[in-house]
Amino acid sequence: MLYHILYEFLYDGFNKYWSPLKALNVFQYITFRTAYASLTALVMSLLVGPWLIRRLREFQIGQHIREEGPKSHQTKAGTPTMGGVLIVLSIVIPTLLWANLRNPFVWVALLSTLAYGAIGFADDYLKVRKKRNLGLTGRRKIALQALVGLLTGLTLLYLHTIMVREGGAERLLYSTRLTVPFFKNFTPDLVVAGPWGILGYLPFLLFVTLVIVGSSNAVNLTDGLDGLAIGCTLIASAALTALTYLTGHATLSDYLDIQHIAGVSEVTIFCGSMVGASLGFLWYNAHPAEVFMGDVGSLALGGAIGTVAIIIKQELLLIFVGGVFVIEALSVMIQVAAFKLWGRRVFLMSPIHHHFELKGWKESKIIIRFWIAALIFALFSLSTLKLR
């Protein structure tokens with residue numbers, strides 16, 4: 001919105017009449033708008049946070065702790081939850097303020113985040129109403145998540161049919177080719193051409209759905225300790241901010257030999273907003289937490305991370321960008337598989353952060369060590385851009 005008013009309207013339309021308006025030229029730069037989107041999200045989180053926490057307490061929207069979890073968590077019962085509403089608003093509003101709203105990728109990221117946030121909101125609302133740790137059924141939640149993932153994939157397929165002109169040449173607005181880390185010449189197309197017809201789009205749609213649903217649930221599983229999920233999200237979204245900027249920059253993407261997606265650099269502003277919103281929410285979610293994000297926050301953040309990775313063609317690199325999330329999700333899958341196959345548990349409790357709790361690690365130590373691991377994963381993911 002500010003981009004359209006201050007740059008397109010005032011700068012383009014009136015700076016030739018009034019020279020001070022030339023300063024508005026700075027609004028054309030992605031880096032400037034990303035920085036201010038991040039600051040806007042941070043300030044918004046810090047200012048609105050206390051009011052939201054008070055309102056959640058007034059409405060008695062408190063967290064219900066599962067009885068089979070670590071006993072130390074029982075003291076957290078009644079802590080305000082659904083604080084993820086603050087996260088979603090702090091991502092959406094700064095993005096609307098600072099991004100070019102004519103860019104379709106911005107809307108794909110925003111709508112996917114809002115949709116997953118809505119699913120999480122419904123789940124949290126049912127938990128509060130029933131006054132127990134059970135909201136939407138697992139099947140219903142997965143079905144809704146898959147539907148949003150499928151719609152996101154269909155939207156990107158539509159963008160794949162649009163041609164744009166850049167640098168004197170025409171290219172597709174979006175690519176369905178897969179970027180494989182460490183292999184610069186191996187970019188398989190997930191849309192199968194030939195006699196398959198509409199079925200040729202199925203691999204791409206299934207892959208997009210799997211990535212976004214998997215990312216959403218992985219963040220949700222990680223959200224079990226004060227500040228754990230939001231701290232890891234802060235680190236992952238910072239890495240995605242850099243990756244998105246590089247993907248949208250024609251010169252830098254060519255230098256690094258990564259897929260260039262025309263216009264995707266505007267999504268950098270969305271990623272910057274996610275960084276600011278995460279940092280602001282961490283202020284209140286740090287141990288001991290004053291508020292929990294709930295599913296409305298974790299599903300929205302996971303959906304946002306997965307959607308951005310799909311948009312910038314770094315779906316496989318997401319394994320490293322969100323390494324902690326992947327480990328948390330794998331620990332649950334391993335635990336369930338081992339119990340069903342052999343009737344034994346691999347971990348004392350899953351997700352794996354609870355395993356370390358039961359081994360006697362202090363909550364704060366687990367959180368900080370997982371943050372360190374997340375930072376190592378994020379730095380490694382960025383280093384792979386030259387390890388090709």
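This report walks through the fold, the core, the salt bridges and the surface of a predicted model.

Some ground rules to start with. Residues are numbered from 1 along each chain as its sequence is written, and side-chain values use heavy atoms, with hydrogens and water left out. Because the model is predicted, local features need pLDDT of at least 70 and side-chain atom pairs count only at pLDDT 80 or more, while totals for chains, interfaces and linings use all residues.

**Overall picture**

The chain has 14 helices and 2 strands. Both kinds of element are DSSP runs numbered from the N terminus: helices are H or I with at least four residues, strands are E with at least two. Of the 388 residues, 53% count as buried. Here buried means under 20% relative accessible area, exposed means over 50%, and partly exposed is in between (1.4 Å probe, protein chains only).

Contacts are heavy atoms within 4.5 Å. Among those in the chain with a separation of 6 or more, 73% come from residues 24 or more positions apart.

**The core**

A nonpolar core is a set of buried Ala, Val, Leu, Ile, Met, Phe, Trp, Tyr and Cys residues joined through side-chain atoms within 4.5 Å. The largest one has 97 residues, and Phe105, Leu156, Phe204, Phe270 and Ile311 have the most contacts inside it. Take isoleucine 311: leaving aside neighbours within four places in sequence, its contacts include Phe105, Val108, Ala109 and Leu156. Tyr174, Ile261, Val264 and Val267 are also in contact with isoleucine 311.

What about disulfides? A disulfide is a covalent bond between the sulfur atoms of two cysteines. With the cut-off set at cysteine sulfur atoms within 2.5 Å, a search of the whole structure finds 0 of them. Cysteine 232 is buried at 3% relative accessible area, and cysteine 271 is buried at 0%.

**Salt bridges**

The rule asks for a side-chain nitrogen of Lys or Arg within 4 Å of a carboxyl oxygen of Asp or Glu, and the count comes to 7 salt bridges.

| Pair | N to O distance |
|---|---|
| Arginine 33 and glutamate 266 | 2.8 Å |
| Arginine 55 and glutamate 58 | 3.0 Å |
| Lysine 141 and aspartate 123 | 3.1 Å |

Start with the salt bridge between arginine 33 and glutamate 266. This pair links distant parts of the chain, 233 residues apart: arginine 33 sits in helix H2 (residues 30-58), and glutamate 266 in the loop between helix H8 (250-256) and helix H9 (267-285). Are the two partners buried or exposed? Arginine 33 counts as buried because its relative accessibility is 1%, and glutamate 266 is buried too, at 7%.

Arginine 55 and glutamate 58 both lie in helix H2, 3 residues apart, about one turn of the helix. Arginine 55 is partly exposed at 31% relative accessibility, whereas glutamate 58 counts as exposed at 52%.

Then there is the salt bridge between lysine 141 and aspartate 123. This pair also links distant parts of the chain, with lysine 141 in helix H5 (residues 138-159) and aspartate 123 in helix H4 (residues 104-130), 18 residues apart. Lysine 141 is buried, with a relative accessible area of 13%, and aspartate 123 counts as buried at 1%. Both belong to a network of salt bridges that links Asp123, Lys127, Lys141 and Asp295.

**The surface**

By the Shrake-Rupley method with a 1.4 Å probe, where for residues only the protein chains shown count as cover, the accessible surface comes to about 18,200 Å² and 67% of it belongs to carbon and sulfur atoms.

Patches are built from residues with over 30% relative accessible area and no salt bridge; like charges are joined within 9 Å, and nonpolar side chains (Val, Leu, Ile, Met, Phe, Trp, Tyr) within 5 Å. Phe182, Phe183, Phe186, Phe380 and Leu387 make a nonpolar patch of about 490 Å². Within this group, phenylalanine 182 lies in the loop between strand S2 (169-172) and helix H6 (202-222), and counts as partly exposed at 35% relative accessibility.

**Two more residues**

Methionine 1 lies in the segment before helix H1 (2-14) and is partly exposed at 45% relative accessibility. Not counting residues up to four places away in sequence, methionine 1 touches Leu96, Leu97, Ala99 and Leu101. The C-alpha atoms of methionine 1 and leucine 101 are separated by 7.1 Å, though the residues are 100 apart along the chain.

Isoleucine 319 is found in helix H11 (residues 318-321) and is partly exposed at 44% relative accessible area. Isoleucine 319 and alanine 378 are 59 residues apart in sequence and 9.8 Å apart in space, C-alpha to C-alpha.
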